[in-house]
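The exercises below concern a single protein model. Please inspect the sequence and the structure before working through them.

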Amino acid sequence: MTPNVNTLLVKHLNPKLGHSAVCPVTYILSSKPLFFFKRCPSYTEQQNLTRVSEFFLVGLSDDPEQQPFLFVLFLSMYLVTVLGNLLIILAVTCDPHLHTPMYFFLSNLSLADIGFTSTTVPKMIVDIQTHSRVISYAGCLTQMSFFMLFGCLDSLLLAVMAYDRFVAICHPLHYLVIMNPRLCGLLVLISLSLSLLVSQMHNSVVLKLTYFKDVEISHFFCDPSQLLSLACSDPFTNNIVMYFVGAISGFLPIAGILFSYYKIVSSVLRLPSSGGRYRAFSTCGSHLAVVCLFYGTGLGVYLSSAVSLSPRKDAVASVVYTVVTPMLNPFIYSLRNSDIKRAMRRFLSKAI
């Protein structure tokens, strides 16, 4: 249940106006006071009020009859996601035949997918089970930071994997020389460092926020864009941060992927035999499917939120790229890749 809200009117002296002006301050009432938050004033200076201590997550549905179904559904999807990606990591680690750059990047992508899903889904499952949708201010910032970290890392790793396919197809004779272990480790380290930069920069902006227009987040997790939209802060600063985050986590990876596949297609089309072209394209099939799924669902959610007037529908749509995409990645790579299937069979036979 959402706490009852009573609005108090507080007198605030405005030196420019020379008289008392009314500034709305909202006080959240429950069994004991939780926090104050103030409506964004355009003509008053910020007051020393208590920082927000909790947020309320709207979730996917208020219907009590749907809660058991949502609990079972998301618990099942989470377990499939973790087990599927963990199986790929173990198969790549235990099979010496898969100790190549492509599978090294794939295992890191699986690890990022586990982190990406674990940032949001377990909290939602606990909320459904306990019938509580409150998240603390510190918990919200932590969830947002890890969401940005693993989401950006996913995007950058997909770009690195596209570069790996470009080198393998366009420079096959020099592939192992170019994609040496040192470069592979460096590319993953750079991706992780950029993701940390994006996450901490976004976090530092939110940490400076003092007042919020509302404490209700129309999502099942602390969505960074919604948290900024609720904040009483300079929109110019928020826009600069969002453009920078979008450039690193969106524009640069997409540009790298498009450039790599442009070179790949140009090189493959010059091959004389259709069999050679098929084999070359088949090595990119799984990665291309994951790229289309990741960016396609993200773009779909963005476009649907632009035309939809229902925040809850936007939250339901975002389930696709936050939960469904990481769950499907292991199936895409295992079903389309005979090496992964053989490695999984060997690993499972040894385990049994």
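The model is predicted: local features need pLDDT of at least 70, side-chain atom pairs count only at pLDDT 80 or more, and totals for chains, interfaces and linings use all residues. Residues are numbered from 1 along each chain as its sequence is written, and side-chain values use heavy atoms, with hydrogens and water left out.

**Exercise 1. Secondary structure and annotated spans**

State how many helices and strands the protein chain has, and describe residues 69-90 and 102-121.

Step 1. The chain holds 10 helices and 6 strands; these are DSSP runs numbered from the N terminus, with helices being H or I of at least four residues and strands E of at least two.
Step 2. An unreviewed UniProt entry places "transmembrane region" at residues 69-90, 102-121, 141-163, 183-202, 240-262, 283-303 and 315-335; such annotations may be inferred rather than shown by experiment.
Step 3. Residues 69-90 are 100% helix, and their end C-alpha atoms are 31 Å apart.
Step 4. For residues 102-121, also 100% helix, the corresponding separation is 28 Å.

**Exercise 2. Burial and contacts**

Determine what percentage of the protein chain is buried and what percentage of its contacts with a separation of 6 or more joins residues 24 or more positions apart.

Step 1. Among contacts (heavy atoms within 4.5 Å) with a separation of 6 or more, 70% link residues 24 or more positions apart.

**Exercise 3. The nonpolar cores**

Identify which residues touch the most other members of the largest nonpolar core.

Step 1. A nonpolar core is a set of buried Ala, Val, Leu, Ile, Met, Phe, Trp, Tyr and Cys residues joined through side-chain atoms within 4.5 Å.
Step 2. In the largest, with 40 residues, F105, L158 and I257 touch the most other members.
Step 3. Helix α3 gives the largest share of this core, 11 residues.
Step 4. Beyond its neighbours within four places in sequence, F105 contacts residues including V160, M161, C184 and L187.
Step 5. A second, separate core of 24 residues includes V82, V301, V323 and M327.

**Exercise 4. Aromatic rings**

Classify the pair F220 and F221.

Step 1. The whole structure contains 7 aromatic pairs (rings of Phe, Tyr and Trp, its six-membered ring, with centres within 6.5 Å; planes under 30 degrees apart are stacked, over 60 edge-to-face, the rest tilted).
Step 2. The ring centres of F220 and F221 lie 5.0 Å apart and the planes meet at 70°, so the pair is edge-to-face.

Terms used
Buried means under 20% relative accessible area, exposed over 50%, partly exposed in between (1.4 Å probe, protein chains only).
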